[in-house]
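Opening the notebook on this one. I want to go through the helix packing and a few loop residues.

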Amino acid sequence: MVETVVIKGVTIRIDGLREHEGETMAHTFTETRRVHGVVEQRVFEESVNIRSSYFDIMVRTLELLPESHLSDVVAMNIIKIRPNLRVGGGSGQDGYIYISPFSLDNRYNRVHNQTLLHEIGHKVDHHYHAVDNMTALRQNFLRHVHHDGGTQSASEAYGDCYMDYFHRGASAFSGGFSHQAHGVTFDHHGETITYNSQQINEERLAAFLSVAPMHAA
Ligand SMILES: [Zn+2]
């Protein structure tokens, strides 16, 4: 069982693996929560069988991306599969991208790892100041698509755009995918403008493409 794969200078590493009856498991997630002011820790004896195909999917995912994103943005960060992370992904203050082992087998991560794409989207955003460089109106377009997560923000929406763009291509913005826009009415400088879902999608794609290099030079 491989524990580390390096693809185009990017290291993918799985932490905390153990062998169990001939299989490679990432297991034990610890949940810390506060109940009536008392910190409580629960250890779940859940295990995920880490199959080498998960690495193949992540390699295939990284191969979708422009070289500059890998060399300038992701290569600085090791991608870690972290046993203690229950769902999704995240970025640590240590600069790493974390992926939950439990997310590896999610239906939406079986062709490309979309969780990984979303997290890399955040790194690309930070590196190129992508959302910051967008006009307020364009940030508004991004925000009008629901993000499946605790936080709703233009940055989260950017992460989803990045994910959809590289997983599905620009056609993802014209219909039939999970982050579809709904029609909306804006108040823009005192003027009321109504956009239908197709117009929102077009504006969102334009906003996304306007701020960071999305193609190999
Ligand atoms: Zn996010």
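Before I count anything, I need a cut-off: I call a residue buried if 20 or more other C-beta atoms lie within 10 Å of its own, exposed if 12 or fewer, and partly exposed in between, with C-beta atoms placed from the backbone. I also keep in mind that this is a predicted model.

**Entry 1: the whole chain.** I looked up the burial total, and 33% of the 217 residues of the protein chain count as buried. I then checked the secondary structure and found six helices and ten strands. For the contacts I took pairs with a separation of 6 or more, and 57% of those in the protein chain come from residues 24 or more positions apart.

**Entry 2: α3 against α5.** How do I describe two packed helices? I use the angle between their axes and the distance between the axes. Helix α3 covers residues 114–128 and helix α5 covers residues 154–168; I get an angle of about 125°, with the axes 8 Å apart. Angles of 65 to 115 degrees would be roughly perpendicular and those over 145 roughly antiparallel, so I note α3 and α5 as oblique to each other. I logged the crossing of α3 past α5 as right-handed.

Next I listed who meets whom. On the α3 side I have Gln114, Leu117, His118, Ile120, Gly121, His122, Val124 and Asp125, and they meet Ser155, Tyr158, Gly159, Asp160, Tyr162, Met163, Phe166 and His167 in α5. Sorting the residues of this contact by type gave me seven nonpolar, seven polar and two charged.

**Entry 3: α4 against α5.** Helix α4 runs over residues 136–143, and I find it packed on α5 at an angle of about 65°, with their axes 8 Å apart. That angle makes α4 roughly perpendicular to α5. I wrote down a left-handed crossing for α4 and α5.

In α4 the residues I list are Gln139, Leu142 and Arg143, which meet Ala154, Ala157, Tyr158 and Cys161 in α5. By type, the residues of the contact of α4 with α5 come out as five nonpolar, one polar and one charged.

**Entry 4: α2.** Which residues of helix α2 are buried? For this helix, residues 67–74, I got His69, Val73 and Val74. They cover an arc of only 70° around the axis, so I place them on the same side of α2. I also checked what covers these buried residues, and it includes β2 (10–14) and α3.

**Entry 5: loop residues.** I started with proline 101, in the loop between β8 (97–99) and α3. Is proline 101 buried or exposed? I counted 26 C-beta neighbours inside 10 Å, so proline 101 goes down as buried. I also took its C-alpha separation from glycine 88, 13 residues apart along the chain, and got 8.7 Å.

Histidine 129 sits in the loop between α3 and α4. I flagged histidine 129 for a positive phi of about 50°, although it is not a glycine. It has 11 C-beta neighbours inside 10 Å, so I count histidine 129 as exposed.

Last, I looked at aspartate 148, in the loop between α4 and α5. Its C-beta neighbours inside 10 Å number 10, so aspartate 148 is also down as exposed. From aspartate 148 to aspartate 160 I get 9.2 Å, C-alpha to C-alpha, with the two twelve residues apart in sequence. I had already listed Asp160 among the α5 residues that α3 meets.

Methods
Residues are numbered from 1 along each chain as its sequence is written. This is a predicted model: local features need pLDDT of at least 70, side-chain atom pairs count only at pLDDT 80 or more; totals for chains, interfaces and linings use all residues. Axes are lines fitted to C-alpha atoms, for helices over the stretch in contact, and angles run from 0 to 180 degrees between N-to-C directions. Helices (H or I, at least four residues) and strands (E, at least two) are DSSP runs, numbered from the N terminus. Angles under 35 degrees count as roughly parallel, over 145 as roughly antiparallel, 65 to 115 as roughly perpendicular and the rest as oblique. A crossing is left-handed if the near helix is turned anticlockwise from the far one by less than a right angle, and right-handed if clockwise. Two residues are in contact if their C-beta atoms, placed from the backbone, lie within 7 Å. Ala, Val, Leu, Ile, Met, Phe, Trp, Tyr, Cys and Pro count as nonpolar, Asp, Glu, Lys and Arg as charged, and the others, Gly among them, as polar. The arc is that of the directions from the helix axis to the C-beta atoms.
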